[in-house]
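Biologist: I've got the sequence and the 3D picture open. Could you walk me through how some of the helices sit together?

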Amino acid sequence: MQPPHLDAIRQSYDAVAADYARSVKDPAELDPLSRAVLAAFAELVTSADLGPTADVGCGPGKVTAYLSGLGVSAFGADLSPRMVELARAAHPDLRFDVGSMSALASGDGELGGILAYYSTHHLPPESLPGAFAEFHRTLAPGGHLLLVTRVGEGGHQRLTYGYGGDPAPFDSYRLPADRIAGLLEQAGFVVTGRVVQAPDEGAKRPVASFLAHKPAASDPLQQG
Ligand SMILES: C[S@@+](CC[C@H](N)C(=O)[O-])C[C@H]1O[C@@H](n2cnc3c(N)ncnc32)[C@H](O)[C@@H]1O
């Protein structure tokens, strides 16, 4: 049985999935800095070549497909079965699984990369260490993580979104960027880069992209 907060978020994304898929931008239409961050991540995981990259909370799979187009061996996982259906239909050449980022199906050290693109903010802050521990467990030593989320002092909000269709409730948590970076470090990651972008039109909070990696035994950043 899943925790109630996961059931609630799954139900809401199932309800809005088709409208979300219609309204969310293709990554090729994103601003240059957001695309540059994705390109940097793609280059890091393809050059390290340590295993496939999981797009956790992949939604309709647009970012998974974009990474694949950049040469990344990418697959998607999402809590919402409806999102996974839509992703499979739109990108039949790619793999998409139903799954929770707090209990990934991948084995220890199997992944070369993990992308969490606007998907971690639905977890209550007390559940983030568990998800980050899963990211760390499933990444190979030397593997890379890109986490992109809005940041700030927002705390908990109950939002109602419809993405152009019938609205559904979403619990959302905004944390300061330093707190997210600190939690990643506590999980064993080395945070190698952080890009903070001013709020875009209509948004209240900045977006932060955290590039991190799981240290390899010989990682120079781990040596005094
Ligand atoms: C705002 S959408 C982002 C989708 C996609 N990453 C994109 O950028 O288009 C958030 C997605 O995260 C998924 N999600 C939320 N919590 C999750 C969890 N704990 N495990 C896996 N997926 C989750 C939702 O079902 C939803 O599809």
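**Helices and their neighbours**

Modeller: Let's start here: helix α1 (residues 4-23) packs against helix α4 (residues 81-90) at an angle of about 30°, and their axes lie 7 Å apart. Helices are DSSP runs of H or I with at least four residues, strands are runs of E with at least two, and both are numbered from the N terminus. This is a predicted model, where local features need pLDDT of at least 70, side-chain atom pairs count only at pLDDT 80 or more, and totals for chains, interfaces and linings use all residues. Residues are numbered from 1 along each chain as its sequence is written, and side-chain values use heavy atoms, with hydrogens and water left out.

Biologist: How are α1 and α4 oriented to each other?

Modeller: The angle between them is about 30°. Angles under 35 degrees count as roughly parallel, over 145 as roughly antiparallel, 65 to 115 as roughly perpendicular and the rest as oblique. So α1 and α4 are roughly parallel.

Biologist: How many charged residues are in the contact of α2 with α3?

Modeller: Contact means heavy atoms within 4.5 Å. Arg35, Leu38, Phe41 and Ala42 in α2 meet Val63, Tyr66 and Leu67 in α3. Ala, Val, Leu, Ile, Met, Phe, Trp, Tyr, Cys and Pro count as nonpolar, Asp, Glu, Lys and Arg as charged, and the others, Gly among them, as polar. The contact has 6 nonpolar residues, no polar ones, and the charged count is 1.

Biologist: Within what arc do the buried residues of α3 fall?

Modeller: Buried means under 20% relative accessible area, exposed over 50%, and partly exposed in between (1.4 Å probe, protein chains only). In α3 the buried ones are Val63, Thr64, Tyr66 and Leu67. They line one face of the helix, because seen down the axis of α3 they fall within an arc (taken from the directions from the helix axis to the C-beta atoms) of 160°.

Biologist: Which residues are exposed on the other side of α6?

Modeller: Helix α6 (residues 177-186) has Ala177, Ile180, Ala181, Leu183 and Leu184 buried. Those line one face, so the view down the axis shows them within an arc of 160°. On the other side, the exposed residues are Asp178 and Gln186.

Biologist: Which residue just after α6 has a positive phi?

Modeller: Look just past the end of α6 for a phi of about 110°. That residue is Gly188.

Definitions and conventions: Axes are lines fitted to C-alpha atoms, for helices over the stretch in contact, and angles run from 0 to 180 degrees between N-to-C directions.
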